[in-house]
Amino acid sequence: SFVRTNKTAIRKVQDTMTTLIDTDGVSWAKKTYPIKYLMDNVEVLAGLEAAARIEKDVFGDTVRAKQLSDRAASLKIALYSGSKNSFYSTSTTKYAIYKDGAGTFSQSNMKTWYPDIMAQLWPTAFSQSSGTPAFSNAIAALKAQLPPLALEKGDCNALKKITGDAHAPVIAY
């Protein structure tokens, strides 16, 4: 009932998400900031997929659901396909951190946990398989920086010390 009651507000959020999507299928951080972050776009993808399900299953709007699903499918290709314009590079087996206004990808430095290593883990936290080379590379880089067994035991206190509290639950996951 919450979703039905807030249909107008939910659709405003959907419209904002789709308004920020560029011709390459990837979302800008905001209209006045020409950068496309991988982690933000992974979240946009999850939002588009959820919005499509809401439109179809709750509001019964199959046309809008298809439009949102199509946007999500384009974004998924732009993020994960491994093509020349994809955030995922098959040659480096890593995700780029962002794509700037000129279309240049920023490659990850696997000695920097945030945002570089986190950019490798974020797709797995939201949708991609943990069996990807990017995920394996990120786990290896994290293990090299963290106290022994902090990851294996999901030791949030050890992770919080090293990361200054940021993203510790995701890393522990």
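Me: What pattern does the chain follow when read along the sequence?
Reply: In this predicted model, the chain has eight helices and five strands. Buried residues make up 40% of its 173 residues. Read along the sequence, the elements follow the pattern α-α-β-α-α-β-β-β-β-α-α-α-α.

Me: In what order do the three strands of the open sheet lie?
Reply: Strands of a sheet pair through backbone hydrogen bonds, either parallel or antiparallel. Here the pairing is antiparallel. Strand E1 (35–37) and strand E5 (105–106) are the edge strands, each pairing on one side only. The order is therefore E1-E4-E5.

Me: Which residue in E4 stands opposite Tyr 37?
Reply: E1 and strand E4 (residues 98–100) run antiparallel and are joined by three bridges. Within E4, the residue opposite Tyr 37 is Tyr 98.

Me: At about what angle to E1 does helix H3 run?
Reply: Helix H3 has 20 residues and reaches 28 Å from its first C-alpha to its last, close to the 28 Å expected at 1.5 Å a residue. The helix, residues 38–57, lies across E1 and E4. Its angle to E1 is about 70°.

Me: Against which elements do the buried residues of H3 pack?
Reply: The buried residues of H3 include Leu 38, Val 42, Leu 45, Leu 48 and Glu 55. Together, the buried residues of this helix pack against helix H2 (7–19), E1, helix H4 (62–80), strand E3 (94–95), E4 and H5.

Me: What distance separates the C-alpha atoms of Asn 41 and Val 26?
Reply: Asn 41 is found in helix H3 and is buried, with a relative accessible area of 0%. Leaving aside neighbours within four places in sequence, Asn 41 is in contact with Val 26, Ser 27, Lys 36, Leu 75 and Leu 79. Asn 41 and Val 26 are 15 residues apart along the chain, and their C-alpha atoms are separated by 6.8 Å.

Me: At which residue does the kink in H5 lie?
Reply: Helix H5 (residues 113–126) has 14 residues and reaches 18 Å from its first C-alpha to its last, close to the 20 Å expected at 1.5 Å a residue. The kink is of about 45° and comes shortly before the proline Pro 123. The residue at the kink is Ala 119.

Me: How many of the 14 residues of H5 are buried?
Reply: Among the buried residues of H5 are Trp 113, Asp 116, Trp 122 and Pro 123. The helix is largely enclosed by the rest of the structure, because the number of its buried residues is ten.

Me: With which side chain does the side chain of Gln 120 make a polar contact?
Reply: Gln 120 has its place in helix H5 and is buried, with a relative accessible area of 0%. Leaving aside neighbours within four places in sequence, its contacts include Lys 94, Tyr 95, Met 110 and Phe 135. The polar contact, at 2.8 Å, is with the side chain of Ser 108.

Me: Is Thr 93 buried, exposed or partly exposed?
Reply: Thr 93 is found in the loop between strand E2 (88–89) and E3. Thr 93 has a positive phi of about 55° although it is not a glycine. Most residues other than glycine have a negative phi. Because its relative accessibility is 22%, Thr 93 counts as partly exposed.

Notes:
Residues are numbered from 1 along each chain as its sequence is written. This is a predicted model: local features need pLDDT of at least 70, side-chain atom pairs count only at pLDDT 80 or more; totals for chains, interfaces and linings use all residues. Side-chain values use heavy atoms; hydrogens and water are left out. Two strands pair if DSSP finds at least two bridges between them. Helices (H or I, at least four residues) and strands (E, at least two) are DSSP runs, numbered from the N terminus. Contact means heavy atoms within 4.5 Å. Axes are lines fitted to C-alpha atoms, for helices over the stretch in contact, and angles run from 0 to 180 degrees between N-to-C directions. The expected span of a helix is 1.5 Å times one less than its number of residues. The bend at a residue is the angle between axes fitted to the seven residues ending there and the seven starting there. Buried means under 20% relative accessible area, exposed over 50%, partly exposed in between (1.4 Å probe, protein chains only). A polar contact is a pair of N or O atoms within 3.5 Å; within protein, one must be able to donate a hydrogen and the other to accept it, and residues adjacent in sequence count only if both atoms are side-chain atoms.
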